[in-house]
Amino acid sequence: MKLETAKSLLLVVLIGTSMILTFGMWNYQADYDPLNERSVEGTLSGEEKSVDEIVMPSEILFKQEGNYYTHANPSLKEQFYDRLQDLPLTEMERLPVEEERTASNYEIEVIFPQEVPFLLFDRILQFEDEAIPYPTFSIDRFYITFEPNSKSLEFEFISIDGREKVKAEVTSTSRYQEVWDEMHRLQSEDYQAMTLVEGSENDIYIPREVPAMQPLSIFFTQMDKSVLQEMLFENTSGIRGSATPGNGYLYATDVRQLTIERNVMEYIYLYLEQSEPMSELNLIEGSIQNINGHSGFTEDFRLMNIDNETITYQMYYEGYPVFQGSSPDISTIKQKHSNQHLLEYKRPAIYLDTTDIITKTKKEMRSGEDIIEDLANSKINMDNIKDLKVGYKIQVETDDNGDYVSMEPEWFMKVNNSWSAVPYEPGDAARGGD
């Protein structure tokens with residue numbers, strides 16, 4: 001009898017314990033934040049971008065009887081380019097190039113930072129001749145000229161090797177007049193005069209005068225490491241983690257490796273099969289699709305360069321290009337693709353908080369004439385300079401308030417395939433300093 005009583009008491013205790021544990025589980029709140037939707041999906045907080053938002057011109061040049069102009073504000077340039085993209089292009093025609101092109105007295109030149117497959121312009125401009133096969137050559141600029149007799153615009157695309165060209169027309173009289181009127185507003189404050197840099201291999205146009213620009217400090221937050229792992233690893237349960245000598249983190253599987261260090265993430269896929277080259281068209285489309293797949297365009301990034309299956313996107317701020325100020329580089333996104341695989345991926349691992357900006361005293365900028373003089377007095381071979389731009393130098397700083405990025409306005413030059421600040425020559429401090 002005593003044994004049966006003991007069994008009954010034990011059963012009551014077990015049932016009571018079970019009820020207490022169940023009630024506790026219902027009411028338990030973890031002492032850590034639950035995974036939000038972004039971390040579960042492995043996506044960042046950027047926007048999805050279309051090809052025409054990524055493949056953007058670096059310059060739009062208005063040529064008027066031997067004088068050169070561009071928009072004084074980058075936002076005006078972007079607005080004008082948006083209008084060009086809406087123009088209906090018809091009468092497309094492929095032609096051989098018989099002689100070197102001669103500029104018209106009135107024309108517009110749209111210049112891109114990287115040669116682009118012409119096939120891509122089917123996504124960028126409004127070609128309406130669907131039945132005509134598109135050529136496979138690449139271009140790095142196109143021209144718009146005016147036909148006053150027919151009140152039409154002619155678009156001209158010339159291949160990089162200079163052997164082929166495509167012509168197309170805008171036959172709308174109202175659209176013709178809209179663009180023609182733009183050519184007669186070049187003396188207004190919305191435009192600035194440009195100078196052709198002599199001695200360079202490419203035609204480089206720079207503004208004669210640059211208004212004072214404001215240095216900025218922008219606070220940032222770091223990307224969630226679990227989000228980056230979800231984004232790049234098929235199965236996060238097999239990841240091995242360890243610290244790096246630079247106070248960062250290394251996550252790896254047998255075929256994938258992710259390093260997060262000094263506000264930059266670098267991913268490598270150890271792909272061992274025979275590599276097959278990708279066309280530039282497939283590389284651009286595939287890379288944009290890949291980055292869109294995890295909402296990776298967290299800032300204003302645009303196509304900058306393609307080299308050896310590696311595509312580089314450059315950060316822009318308020319329409320100005322942003323260049324690396326210190327190592328590591330937080331101004332670009334780089335991807336390498338092969339055989340439809342993402343082999344390498346390097347990007348900033350931070351979000352800029354553009355709602356928390358500290359502005360500083362405006363900085364007087366060197367004029368175009370100053371830059372030409374400085375380059376002439378330097379030891380730099382002008383043949384090696386491929387481009388000149390005003391932009392921002394970005395680098396991470398730390399003070400009592402925490403980490404932030406400084407954005408310093410400066411002149412930059414592209415020598416061979418690398419961007420750096422145009423050096424100051426002795427005596428420049430007065431005209432180039434704060």
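## Second largest pocket

The second largest pocket has a volume of about 530 Å³. The model is predicted. Lining this pocket are 24 residues. Nearest its centre lie Met304, Thr312, Asp329, Thr332 and Lys334. By class, the lining holds 10 polar, eight charged and six nonpolar residues.

Which strands supply at least two residues each to this lining? They are E15 (264–269), E16 (300–307), E17 (310–317), E18 (320–324), E19 (332–338), E20 (341–348) and E24 (418–421). E19 gives the largest share, with four residues.

## Strand E8 and its partners

Strand E8 spans residues 164–170 and runs antiparallel to strand E3, residues 88–96. Five bridges join E3 and E8.

Phe157 has Val166 in E8 as its bridge partner. E7 and E8 form a hairpin, with five residues between the strands. Gly162 sits in the turn and has a positive phi of about 75°.

## Helix H8

Helix H8 covers residues 368–377. Its buried residues are Gly368, Asp370, Ile371, Asp374 and Leu375. These residues span an arc of only 155° around the axis, so they lie on the same side of H8.

Which exposed residues does the face turned away from the buried side carry? On that face of H8 are Glu369, Ala376 and Asn377.

Conventions
Residues numbered from 1 in each chain as written. Predicted model: local features only at pLDDT ≥ 70, side-chain atom pairs only at ≥ 80, totals over all residues. Heavy atoms only, no water. Pairing = 2+ DSSP bridges. Buried < 20%, exposed > 50% of the residue type's maximum accessible area, 1.4 Å probe, protein only. Arc of directions from axis to C-beta. 1 Å grid on protein atoms, 1.4 Å probe; cavity = no way out; pocket = protein on both sides within 12 Å on 5 of 7 lines; lining within 4 Å. Points joined across faces, edges and corners; volume = space filled by probe spheres on them. Nonpolar A, V, L, I, M, F, W, Y, C, P; charged D, E, K, R; others polar.
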